[in-house]
Amino acid sequence: MENIYLLMIVALAFLAAADLVVGVSNDAVNFLNSAIGSKAISFRTIMITASIGIALGAIFSSGLMEVARKGIFNPGEFMFDEIMIIFMAVMITDILLLDFFNTVGMPTSTTVSIVFELLGAAVAMALIKIAHEDGSFWQVVDYINTSKATEIILGILLSVVIAFTIGALVQWVSRLLLSYNFERKADWVGAIFGGIALSAITYFIFLKGIKGTPFAGQTFEFTGNLTIQEFLESRVFTIVLISFFIWFVISYLSIKFLKTNIYKIIIIVGTFALALAFAGNDLVNFIGVPIAAWQSYNAWVGSGVAADAFSMEVLASKVPTPTLFLIVAGLIMVLTLWMSKKARYVTQTEINLSRQGESTERFSPNMLSRYLVRFAMGMSTMASYIVPNSWQEKIDKRFQKPVISLSRDKQYELPAFDMVRAAVNLMVASVLISIATSMKLPLSTTYVTFMVAMGTSLADRAWGSDSAVYRVAGVLNVIGGWFFTAIVAFVAAAVIVYLMNLNFPVMVAVLLLLAIILLVRNFVAHKNKMKETKAEDSLKRAESQSLQGVINESAINIANVVKRGNRIYTNSIKGLAIQDQDILKKSKKNVGKLLNEIDDLRDNIFYFIKNLDDSSIHASNFYINVLGYLQDMAQSLEYISKVSYKHVNNNHKKLKYNQIKELKEIDNHLEELFASTKEAFENRNFEKIGSILRNKNEVYDLLSERIEKQVQRTRHEESSPKNTTLYFSLLIETKDLVTATMNLLEEYHDSHGSSIK
């Protein structure tokens with residue numbers, strides 16, 4: 001039996017490494033977003049700064065592994081074989097759950113996941129023990145550290161509200177004092193802001209950095225009878241005041257004589273601080289359980305007692321983590337930070353939600369987001385009646401953003417937000433985490449940093465009337481994901497404990513294999529999704545300022561729409577012919593993606609028209625018409641794919657042989673039409689459009705002939721109303737598709753001819 005547990009320790013070591021990878025991919029959002037979003041420093045500098053912070057934070061984490069051993073359950077109530085099942089269930093659940101959130105690009109809390117996994121696994125094992133002993137259900141509280149678990153859960157939930165509120169308040173005051181012209185303010189203004197921010201962040205660095213080291217428990221002459229950690233926590237005001245004075249002087253001298261941008265310094269130091277905190281605070285979430293399992297195994301092997309008789313009371317004592325483990329963990333985290341594409345994907349979610357101005361909105365509005373936005377607008381209207389107009393005008397002036405005339409595509413070359421907001425994000429997050437640490441309150445760094453960023457976005461008026469409903473929906477989705485994390489973590493860990501308890505050796509092997517399969521599957525799915533996102537045939541926004549330039553740019557989009565439309569139409573007919581739901585479902589998905597891209601182009605019309613030369617206003621008319629015809633084409637394809645899928649999905653009678661044959665004949669003609677059109681636009685051979693238009697009646701005549709033939713069949717042969725309805729729908733919608741295509745070609749033919757005269 002000892003060999004099985006040794007293999008489990010090896011498996012847990014590999015799971016720990018994998019958990020570090022998926023954990024860093026998820027939590028990179030905590031310390032990278034402010035620096036990346038503000039573009040205050042180069043990406044390389046950001047990564048180097050964060051890497052140093054992670055490495056130091058990991059090394060100083062030795063004393064922070066207690067939550068995995070005794071923070072959630074009472075270890076003395078469990079035997080060694082039971083505790084190993086709990087730890088294995090927790091790690092399998094954790095790695096799959098975090099990888100799922102990374103794959104969909106949603107930030108979640110590694111603290112919440114590990115807490116609820118430990119809670120779910122411990123409760124399940126406790127209930128199994130109680131059932132075997134014919135005990136009472138309420139005895140479960142003897143196995144769980146209820147006071148600590150409740151404290152952790154309430155602390156995490158409370159941090160969400162506090163972080164959002166404080167972030168919004170501090171940002172509003174900072175913007176009111178500094179405005180968007182902060183770089184033009186007097187040197188002493190920047191020095192005061194730098195003194196406040198840097199003193200808060202450096203105190204946070206000392207508190208978080210020292211807490212996990214052996215120095216935390218040592219006393220020195222200048223600390224009296226207090227340890228270093230107790231000294232830092234009991235002299236907060238004095239330390240911060242002295243630190244503020246020192247940093248104020250340094251900031252003033254740097255701004256005055258070295259012409260240093262103090263906001264960049266704050267962002268660099270803040271990024272380092274949060275990376276240090278992430279590694280120091282969250283490393284336990286990734287390797288705490290495997291290390292606790294390893295320490296349990298060593299204690300059991302040395303005892304000579306049977307696995308089911310060896311109490312795990314040993315876990316209740318404080319055991320330092322070997323420095324080698326921490327160094328290896330830090331190295332894995334740093335490498336993941338540099339190499340993980342999923343980390344960039346998760347980071348982008350928060351940056352887009354906090355972006356100042358327009359962005360491609362990822363989340364769809366929901367009823368709650370609409371209600372909250374309406375409520376906020378109502379409160380704003382009420383406030384406007386209370387606050388004097390002169391005050392409102394002065395406040396609005398402080399929040400007035402500088403106007404930069406760029407097309408929508410080039411908006412992304414600008415920072416998502418300015419350096420003041422980035423500095424506030426880092427400062428407030430550091431202060432809140434420092435306060436919670438000094439008060440020994442547990443919290444989630446993900447929740448704090450995310451909600452601070454959302455609070456500052458709201459206060460900074462980044463959520464305008466055009467974007468608020470989408471941004472609020474995004475925040476609600478993320479928060480909902482956090483609750484989903486807690487519920488799923490608890491239930492999944494409990495289920496895995498139950499399964500392993502049924503047949504321990506077999507289920508461990510099966511569950512590990514399943515975890516590997518799911519991880520590989522998610523990796524492949526994410527890779528394919530990224531390929532689709534970067535697909536060459538995705539539609540491009542027009543940036544040209546002249547009619548001829550717009551004609552040439554739009555030709556790329558038309559060639560792409562025609563190519564994709566041809567593929568969608570052919571697959572719809574093919575799927576209908578062989579009754580293949582998968583092909584038809586894929587066609588529906590592809591045409592939905594095409595429609596979304598066309599909608600995005602239409603949303604860009606405002607920026608396009610603003611960007612035009614005064615002499616090229618006719619280009620706007622042309623561009624609007626082209627987008628209208630592209631949308632007509634996509635809508636026809638959507639209807640064709642939808643009714644075809646519905647027919648097959650409802651198991652209706654298959655189309656007759658002659659109907660399939662005729663549809664394929666029409667598809668062949670359309671393929672020739674679309675191929676010629678695609679070639680003309682790809683090669684900018686617009687003269688060829690004329691010959692395509694001259695032959696347009698061939699397709700119309702073919703469609704009219706097939707409609708007439710189906711009318712005759714319906715009168716004399718057809719017996720299926722569903723088939724008849726479907727066939728007529730396909731023919732009529734195909735005719736509309738051809739009409740939209742021909743209208744598009746005529747628009748191009750006429751506009752190109754007039755542009756070269």
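**View 1. Lysine 585 sits in helix α22.** Helices here are DSSP runs of H or I with at least four residues, strands are E runs of at least two, and both are numbered from the N terminus. The model is a predicted one, where local features need pLDDT of at least 70 and side-chain atom pairs count only at pLDDT 80 or more, while totals for chains, interfaces and linings use all residues. Residues are numbered from 1 along each chain as its sequence is written, and side-chain values use heavy atoms, leaving out hydrogens and water. With a relative accessible area of 52%, lysine 585 is exposed (exposed is over 50%, buried under 20%, partly exposed in between, with a 1.4 Å probe and protein chains only).

**View 2. Five lysines make a positive patch: Lys585, Lys588, Lys642, Lys646 and Lys722.** Helices α22 (581-603) and α24 (618-649) are the elements that give two or more residues to this patch. Patch residues have over 30% relative accessible area and no salt bridge, with like charges joined within 9 Å and nonpolar side chains (Val, Leu, Ile, Met, Phe, Trp, Tyr) within 5 Å. A salt bridge is a side-chain nitrogen of Lys or Arg within 4 Å of a carboxyl oxygen of Asp or Glu. Lys and Arg count as positive, Asp and Glu as negative, and His and the chain ends are not counted; a charge is placed at NZ of Lys, CZ of Arg, CG of Asp or CD of Glu.

View 3. Beyond its neighbours within four places in sequence, serine 636 touches Glu733, Asp736 and Leu737 (a contact is heavy atoms within 4.5 Å). Lysine 735 is 99 residues away from serine 636 in sequence, yet their C-alphas are 9.1 Å apart.

**View 4. Threonine 271 belongs to helix α11 (residues 262-303).** At 1% relative accessible area, threonine 271 is buried. Setting aside neighbours within four places in sequence, its contacts are Phe31, Ala35, Ile46, Thr49, Ala50 and Leu426.

**View 5. A nonpolar surface patch covers about 800 Å².** Its members are Ile242, Phe245, Ile246, Val249, Ile250, Leu253, Phe257 and Leu258. Accessible areas come from the Shrake-Rupley method with a 1.4 Å probe, and for residues only the protein chains shown count as cover. Leucine 253 lies in helix α10 (residues 236-257) and is partly exposed, at 42% relative accessible area.
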